[in-house]
Amino acid sequence: MNFSEIRIIGEDETLRSSKSRYVWLFGGVFIFLCFLVMHYSTSYLFLFFSNYGGIPYTLISYQVVLLIGPVMTMIASFDIISSETETGSVRYILSKVHRSSFVLGKFFFLLLVFMSVSSGIALLSLIYQYSAGNAFQFESIILLWISSGLYLGCFISIFIFISTLSANNKISFAMSAVFLGILIFFILQGNESYLKYITPFFYGIKNMEFMRGFPVEGGYLKVFESLVSMFLYILAFLSMSLVAIKRRDF
């Protein structure tokens, strides 16, 4: 692993890659969808809550991230490496940089995009919170930003791993959709099932209760555990991606 190579791959993806504009477009659509939900929050809350008085915009926007985020990250991530494999350009790239740098550069590019998306969503929440005449809760906004970024990072690492294993984009998309469906099935089994621990949904949902207001005393530990769990989840799938690409024969 070479940090200079990782930076070069990340910059190339951000500034010169043909895929970059599509990924940023998906990020912009994501922010726009969040804006629509917050703008028409009364209708949204009426659909999902019988008593929705006093629900803050941080909670509304975080729910949008939880629901739409996995699909948006899948669309942006599923072909990030498989497209290079399908066209054969991966052989040229890997002749210039280490395989681990190649994967990590792609990951940090996507993470940059979706951390920027999280920043935009957090800013929208702050603006709507202010326009509604509510008191600023900067702790909740910061928690929204960090938690959303890590939550989306979990799915990015999953789809990069699948893309690393795939020979072409069709296989990668099919595997990503199936795997996402499996994760949804696992979380729908409820809190009684141990399968919940292998889904990012479980760790993201744990922070929902804190979006109404930042926790006090023992609540800090729960937030910390959730954020660390998502960080370790990302490391686990990134590690599997690095092992997979080192064992692949291109």
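The following exercises, each with a worked solution, concern the predicted model shown above.

Residues are numbered from 1 along each chain as its sequence is written. In this predicted model, local features need pLDDT of at least 70 and side-chain atom pairs count only at pLDDT 80 or more, whereas totals for chains, interfaces and linings use all residues; side-chain values use heavy atoms, with hydrogens and water left out.

**Exercise 1. The overall fold**

Determine how many helices and strands the protein has, and what percentage of its residues is buried.

Solution. Helices (H or I, at least four residues) and strands (E, at least two) are DSSP runs, numbered from the N terminus. On this basis the protein contains 11 helices and 0 strands. Of the 250 residues, 50% are buried, where buried means under 20% relative accessible area, exposed over 50% and partly exposed in between (1.4 Å probe, protein chains only). Contact means heavy atoms within 4.5 Å. Among the contacts with a separation of 6 or more, 78% join residues 24 or more positions apart.

**Exercise 2. Helices α4 and α7**

Classify the packing of helix α4 (residues 57-77) against helix α7 (residues 99-131).

Solution. Step one is the geometry. Axes are lines fitted to C-alpha atoms, for helices over the stretch in contact, and angles run from 0 to 180 degrees between N-to-C directions. The two axes are 11 Å apart, at an angle of about 160 degrees.

Step two is the class. Angles under 35 degrees count as roughly parallel, over 145 as roughly antiparallel, 65 to 115 as roughly perpendicular and the rest as oblique. Helices α4 and α7 are therefore roughly antiparallel to each other.

Step three is the contact. From α4 it involves Y57, T58, S61, V65, M72, T73, A76 and S77, and from α7 L110, F114, I121, S125, Y128 and Q129. This contact of α4 with α7 has 8 nonpolar, 6 polar and no charged residues. Here Ala, Val, Leu, Ile, Met, Phe, Trp, Tyr, Cys and Pro count as nonpolar, Asp, Glu, Lys and Arg as charged, and the others, Gly among them, as polar.

**Exercise 3. Helices α8 and α9**

Classify the packing of helix α8 (residues 138-165) against helix α9 (residues 169-187).

Solution. The axes come within 9 Å and cross at roughly 140 degrees. That angle makes α8 oblique to α9. On the α8 side the contact is made by F155, I158, F159, I162 and S163, and on the α9 side by S172, M175, S176, F179, L180 and L183. By class, these residues divide into 8 nonpolar, 3 polar and no charged.

**Exercise 4. Aromatic rings**

Decide how the rings of F107 and F108 are arranged.

Solution. Rings of Phe, Tyr and Trp (its six-membered ring) pair if their centres lie within 6.5 Å; planes under 30 degrees apart count as stacked, over 60 as edge-to-face and the rest as tilted. By this rule the count comes to 14 aromatic pairs. For F107 and F108 the ring centres are 5.3 Å apart and the planes stand at 70 degrees, so the pair is edge-to-face. F107 is buried, at 3% relative accessible area, while F108 is partly exposed, at 42%. Elsewhere, F161, F179, Y197, F202, Y203, Y233 and F237 form one aromatic cluster.

**Exercise 5. The surroundings of D79**

State whether D79 is buried or exposed, and which residues it contacts beyond its neighbours within four places in sequence.

Solution. D79 lies in the loop between α4 and α5 (82-87). Its relative accessible area is 15%, so D79 is buried. Leaving aside neighbours within four places in sequence, D79 is in contact with K19, S163, N169 and S172.
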